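Here is a report on one protein model. Please look over the sequence and the fold before reading on.

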Amino acid sequence: MQSRSAAPGAILTMLGSFAFAGAAVAETHYESWPELDLWYRLTGALRLELTGSGTRDDSGDRTDGTGAIYLDYRMNDPISWRVGFDYVNTLPDGPGQNNSVERRVSLDFNYRWHLGDELLLTDRTRLDLRNIEGDDSYRVRNRLRFERPFKLARTTLVPYFNAEAYYDSRYDTVSRVRLEAGGVVSLGKIWEADLYIGRQHDSAPADKDTVGFGITISAYF
C-alpha cells in the first residue's frame, strides 16, 4: 500500500528529471542561496518555523528577499503536514522598473519511508497559492528526498539528495526541475548548518539554467 501512495509523486519527479536532462542548453546563471530558519516547539507534535532567505545572482545587481512563517504538525512517524505564508520581494531587473511583491500560502503533505535501518526517503507534495501583484495562480511541487545520517565523533552528518518538479498553472506545464545535493551537520545543542549545491532548469517563460550554492543555518528552541 505504501508503494502505491508514493507512485504519483515519484512519477512526477522522475518525469521532471528526464525533462531536465533532455532540455536544450540554456545560459547558466550562478547564485547564492542563504537562509536562516528559527524553529520553536509548541507541543510534542507541533512546531513553528520563522524563515528569512535571499538570492543574489552572478551579476550582483538583483537581490530577492523572502520572509515566511510555517506551522508543522507531525501526525505520526510517516506523515506530517505544514501550512505557511510567504512574503516575497523581488527587486526590478533594470532602471525605471518597479519591484514585484508576491504573497503565497503553502500547503504541504509529507510521507516518509525507512529503507532499511538508516536510509530515509521522503515524498513531499506542496501546493502554492500565489498572488503576484494582484494576479492569482497556483503551483504544485513534488520533491523526493533521500538521506542517511552518520555519527561523527561529537556531531551528526546527514548527506542528502533532492529531486523536485514544479507544475505552474500560468504556463500549464512542468516549468521547473530542481536537483540538490548536500549535507546537514549539527553545530551544538540547537544549531545546525545545511550546505548544498543545486541545479535548476526553467523551461517557462523562457529556458534558463541556474546553479546555486546554498547555506541554511537553523536553530531549534
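Which residues does Thr216 touch, not counting residues up to four places away in sequence?

## Thr216 and its surroundings

Thr216 touches Glu35, Asp37, Glu192, Ala193, Asp194 and Tyr196, with residues up to four places away in sequence left out. Here contact means heavy atoms within 4.5 Å. Thr216 sits in strand 12 (residues 208-220). Its relative accessibility is 8%, so Thr216 counts as buried. Buried means under 20% relative accessible area, exposed over 50%, and partly exposed in between (1.4 Å probe, protein chains only).

Leu36 is 180 residues away in sequence, but the C-alpha to C-alpha distance is 5.7 Å.

## Basis of the model

This is a predicted model: local features need pLDDT of at least 70, side-chain atom pairs count only at pLDDT 80 or more, and totals for chains, interfaces and linings use all residues. Residues are numbered from 1 along each chain as its sequence is written, and side-chain values use heavy atoms, with hydrogens and water left out.

## Overall layout

The protein has 1 helix and 12 strands. Along the sequence the order is α-β-β-β-β-β-β-β-β-β-β-β-β. Helices (H or I, at least four residues) and strands (E, at least two) are DSSP runs, numbered from the N terminus.

Of the 221 residues, 38% are buried. Among contacts with a separation of 6 or more, 44% join residues 24 or more positions apart. The protein exposes about 12,400 Å², and carbon and sulfur atoms supply 59% of that area. Accessible areas come from the Shrake-Rupley method with a 1.4 Å probe; for residues, only the protein chains shown count as cover.

Strand 9 (residues 155-168) pairs with strand 10 (residues 173-186) in the antiparallel sense, over 12 bridges. Two strands pair if DSSP finds at least two bridges between them. Glu164 has Arg178 in strand 10 as its bridge partner. The hairpin of these strands has 4 residues between them, and Asp172 there takes a positive phi near 55°.

Strand 10 also pairs with strand 11 (residues 191-202), again antiparallel, over 11 bridges. Gly183 stands opposite Leu195 in strand 11. This hairpin, too, has 4 residues between the strands, and Gly188 takes a positive phi near 140°.

## Salt bridges

Side chains of opposite charge can pair when their charged atoms come close. A salt bridge is a side-chain nitrogen of Lys or Arg within 4 Å of a carboxyl oxygen of Asp or Glu. By this rule there are 17 salt bridges. One of them joins Glu49 and Arg82, with the closest N and O atoms 2.2 Å apart. The pair links distant parts of the chain: Glu49 is in strand 2 (residues 46-57) and Arg82 in strand 4 (residues 79-90), 33 residues apart. Glu49 is buried, at a relative accessible area of 3%. Arg82 counts as buried at 15%.

Arg130 and Asp168 meet in another salt bridge, at 3.6 Å from N to O. Arg130 lies in strand 6 (residues 119-132) and Asp168 in strand 9, so the pair ties together parts that are 38 residues apart in sequence. Both Arg130 and Asp168 are buried. Salt bridges with shared partners join Asp86, Glu102, Arg104, Arg130, Asp168 and Arg170 into one network. Glu147 and Arg145 form a salt bridge as well, with the closest N and O atoms 2.9 Å apart. Both of these residues, Glu147 and Arg145, are buried.
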